[in-house]
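Please read it alongside the sequence and the coordinates.

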Amino acid sequence: MMRRIRIALTKGRLEKSSVELFKKMGLDCTALENKGRKLILPVGDYDVVLAKAADVITYIERGACDIGIVGKDTIAESSGEFYEVLDLGIGKCRFALAAPQGSDFFAGYNVKTVATKYPAVASGYFEAKGMDVQIIKIEGSVELAPLLGLADGIVDIVETGSTLRENGLQVVEEIMPISARVIVNVASLKTRKAQIEDFLKRLEAAAGM
Amino acid sequence: MKINNKITPKGFRDYLFEESEAQTAVENRLSALFASRGYHSVVTPALEFMDVFTCPEPAIPIEQMYKLTDRNGRLLVLRPDITLPIARLAATRLQNMPRPVRLCYTEKVFKVNPGLNGRRDEVTQSGVELLGAAGKRADLEILKTAADALSVCGATEFKIEIGHAAVFKGLIAELDTDGDTVERVRRLIESKCYAALDDELDKLENQKIAGILRRLPHLFGGGEVLEEAAALCGDICGDALQYLRDIYDTLQTTSLAGRVDLDLGLVHSNTYYTGLLLRGYLFGSGVTVLSGGRYDHLLQQFGEPMPAIGFAVENDAVAELLCQQGAVDGGRIPDVLVFGEPGYEMQAVLYCTERIAQGQIAENSVFDSWAQSLEYAKQRGIPAVVRVGASIAEERI
């Protein structure tokens, strides 16, 4: 017998709004709301797992799960073969290059240093510009790097811009808009087309698109 | 310097017991199938000149190839694809063979995969190439061979998917746009990335074609997608759509009905495909296990124009599925261990061959004492130990 369709949800920021969408679809989400220690949670006819964003992509790509909900930021940073079929329009923000207020990031001939949690996005952006920069991978608060004189600018996710302002930074240029996306394993979409399309249709309707 | 003598490079691995048995099983089943259809096996070198894969334009992204140099400083690559070396071989070595030429192979291919996503850089592919044959007869043969390849590989259900390279190429030719845009659009269609595709297509001048390209990744499934495509495209790529209709309808009258789907959003990154495209999926495996297509202009690059079509099976993905299903064992435990007393060492080795001739697996004991031999047989679970001396005695364990 075929196993149930498995859905991987990103823990944290997107989790609540994803569960809201599931409820709108008429799915019974009690297992998701009272997780306990279980890792695979039954939701309607589906099995749901909660995972870190980067792991959602790995699960989908390798076929351990069929459908995933994950932010465009994580998709842009990792590479892989899967279908990105739906923009849910939730968890909206953007990637941007930011630098200290009053400074001109692009001025001068010195090689600039850029701090980021997203080295692939940052290097892709500067390569497209044909600009040599030194990229430093930072795990925690990236805004700190220019304040400490470690970097000339940062590439990071910007929601409202208030964290930037509080730290004396401003957006120099927007890189790309971000929102939650639905991704699907390549073989799953082909071998379980009817089930997956049905789920996607209902999800799309719930997202009000 | 850090010494890495106990690990394998990233993307490379060892295959132990049932993994290795599963690989061999897949290879054997496929080779037998291909041979039964009149395909002849060939072996090409693991190292080729990079030019084979990059002239006149790169068929495989250059950054995905493992490179080294020969003694004269010329660039070599570990073959990232087998179709191109076979095209080289056919064009340069087989000019005088009567056509069509049917070739098959089992080879390793090497590709640099980004990151730590669990993908292997070294995988084995078994496949066929039917060279010097154009048209429906050849395409149907390849499709049926592909379906049979999937069916001999595993007990599970499978799905074959067909598309046509001329659909995307035909639409793109109508747009007057640059190569970078085309590649971006192609990638977005390939990954069925609907939202970003919309944004990209909005920038195009020719919104009629953009509208068709927008629908392209949605057009997968049964025969109904051809009707929608025909209504959308009108005259553009009408021949390709008509041809797919013909092939699809023909297959509906056979045992393949219900196992063949269409995907007009198949847009391969290998630039050499010109006609029918095919892919195969095994239920339970999350990856594409078979892919191929028609490449009528490729041999011309090597100075010997002829039409051709072929496909390759990803043996590693199939073998992994066989292992998961427990369809292979990791080699049988020997039926008997044979110990020769001092002075009878050679007799013991000869006695092993006697038992082997009876269809058993017999292992020669390399221990110096009977007690050690018994102990070893117990550890390994070997059910019987034979003592060869002046007489022959067997003890069950």
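In this predicted model, six residue pairs, both members at pLDDT 80 or more, are in polar contact across the interface of chain A and chain B. The rule also finds two salt bridges across that interface, and A:K190 forms a salt bridge with B:D263, where the closest N and O atoms are 2.8 Å apart.

**The side of chain A that touches chain B**
- At least two residues each are supplied by α3 (53-62), β5 (83-87), α8 (186-191) and α9 (193-206) of chain A, and the largest share, five residues, comes from α8(A).
- Sorted by class, this side of chain A has nine charged, seven nonpolar and four polar residues.

**Extent of the interface**
- The contact draws 20 residues from chain A and 24 residues from chain B, and the area buried between the two chains is about 1,900 Å², with carbon and sulfur atoms giving 54% of this area.
- Of the area that chain A buries against chain B, 29% comes from A:R62, A:K190 and A:T191, more than from any other three residues.

**Strand β11 of chain A**
- Because five of the five residues of β11(A) (residues 180-184) are buried, the strand is largely enclosed by the rest of the structure.
- Both of its faces are covered, with A:A180, A:V182 and A:V184 buried on one side and A:R181 and A:I183 buried on the other.
- Strand β4 (residues 67-71) of chain A pairs with β11(A) in the antiparallel sense over five bridges, and A:A180 is the bridge partner of A:G71.
- β5(A) and β11(A) also run antiparallel, joined by four bridges, with A:L86 standing opposite A:V182.

Key. Residues numbered from 1 in each chain as written. Chains lettered and ligands numbered in written order. Predicted model: local features only at pLDDT ≥ 70, side-chain atom pairs only at ≥ 80, totals over all residues. Heavy atoms only, no water. Contact = heavy atoms within 4.5 Å. Buried area = accessible area lost by both parts, 1.4 Å probe. Salt bridge = Lys/Arg side-chain N within 4 Å of Asp/Glu carboxyl O. Polar contact = N/O pair within 3.5 Å; in protein donor to acceptor, adjacent residues only side chain to side chain. Nonpolar A, V, L, I, M, F, W, Y, C, P; charged D, E, K, R; others polar. Buried < 20%, exposed > 50% of the residue type's maximum accessible area, 1.4 Å probe, protein only. Pairing = 2+ DSSP bridges.
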